[in-house]
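Let's take a walk through this protein together, one piece at a time. Keep the structure open beside you as you read.

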Amino acid sequence: QVQLVESGGGSVQSGGSLRVSCAASGYTGSAYCMGWFRQAPGKEREGVAVIDSGSATSYADSVKGRFTISRDNAKNTMYLQMNSLKPEDTGMYYCAHYVRAFYYDTCSWSKFAYTGWGQGTQVTVSS
């Protein structure tokens with residue numbers, strides 16, 4: 001079972017930038033997906049960006065061109081660089097992980113596919 005710990009959240013004004021990190025420990029598998037999800041008060045948890053073990057990435061339409069997901073294999077750490085932040089980006093940001101059944105499977109955007117979750121880090125964007 002992989003353990004995930006997020007860090008780097010905080011408060012920023014609209015238009016600002018933040019980078020959140022997710023440190024992974026334990027066996028992540030050779031064919032995995034990792035993702036960033038967020039949840040605002042009273043709303044469903046939604047996918048923001050995903051990256052697979054081959055470094056293929058995909059983004060929610062709401063963050064395309066503003067957010068960048070990446071990972072550093074040497075540090076077992078995944079990042080989410082968030083630029084041009086908007087108040088609607090406010091929420092608890094979670095990193096998540098699951099092992100794909102087959103290496104070339106496309107990563108799922110469903111939160112139910114992910115079996116490992118971090119505790120979350122708060123991102124607040126003020127107008």
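Cys95 counts as buried, because its relative accessibility is 0% and the cut-off for buried is under 20%. Keep in mind as you look around that this is a predicted model. Which residue does Cys95 form a disulfide with? The partner is Cys22, and the two sulfur atoms sit 2.1 Å apart. Cys22 is buried too, because its relative accessibility is 0%. Now trace the chain from one cysteine to the other: Cys22 belongs to strand 3 and Cys95 to strand 9, so this pair, 73 residues apart, links distant parts of the chain. If you look along the S-S bond, the angle about it is 60°, and the link of Cys22 and Cys95 is right-handed.

How many disulfides turn up in a search of the whole structure? There are 2. The other one to look at joins Cys33 to Cys107, with 1.9 Å from S to S. Here again the pair links distant parts of the chain: Cys33 is in strand 4, while Cys107 is in the loop between strand 9 and strand 10 (116–117), 74 residues apart. The link of Cys33 and Cys107 is left-handed, with -95° about the S-S bond. Are its two cysteines buried or exposed? Both Cys33 and Cys107 are buried. Count the bonded cysteines along the chain and you get the pattern 1-3, 2-4.

Next, have a look at the nonpolar core. The largest one has 25 residues, and the members that touch the most other members are Trp36, Val48, Phe67, Met78, Leu80, Met82 and Tyr93. Several strands each supply at least two residues of this core, among them strand 4 (32–39), strand 5 (46–52), strand 7 (67–72) and strand 8 (77–82). Which strand gives the most? That's strand 3, with 4 residues.

Zoom in on Met78 for a moment. Leaving out residues up to four places away in sequence, Met78 touches a whole list of others, including Val20, Met34, Trp36, Ile51 and Ile69. Cys22 and Cys95 are on that list as well, and you've already met them as disulfide partners.

Now for the charged side chains. In one of them, the side chains of Glu46 and Arg38 meet at 2.7 Å, N to O. Glu46 counts as partly exposed because its relative accessibility is 37%, but Arg38 is buried, with a relative accessible area of 6%.

Asp89 forms a salt bridge with Arg66, and their closest N and O atoms are 2.8 Å apart. The pair links distant parts of the chain, 23 residues apart: Asp89 is in the loop between strand 8 and strand 9, and Arg66 is in the loop between strand 6 (57–59) and strand 7. Both Asp89 and Arg66 are buried. Through salt bridges that share partners, Arg38, Glu46, Arg66 and Asp89 are joined into one network.

Finish with Arg100 and Asp52, whose side chains meet in a salt bridge at 3.4 Å, N to O. Arg100 is in the loop between strand 9 and strand 10, and Asp52 is in strand 5, 48 residues apart. Arg100 counts as buried because its relative accessible area is 5%, and Asp52 counts as buried because its relative accessibility is 13%.

Terms used:
Residues are numbered from 1 along each chain as its sequence is written. This is a predicted model: local features need pLDDT of at least 70, side-chain atom pairs count only at pLDDT 80 or more; totals for chains, interfaces and linings use all residues. Side-chain values use heavy atoms; hydrogens and water are left out. A nonpolar core is a set of buried Ala, Val, Leu, Ile, Met, Phe, Trp, Tyr and Cys residues joined through side-chain atoms within 4.5 Å. Buried means under 20% relative accessible area, exposed over 50%, partly exposed in between (1.4 Å probe, protein chains only). Contact means heavy atoms within 4.5 Å. A disulfide is a pair of cysteine sulfur atoms within 2.5 Å. A salt bridge is a side-chain nitrogen of Lys or Arg within 4 Å of a carboxyl oxygen of Asp or Glu.
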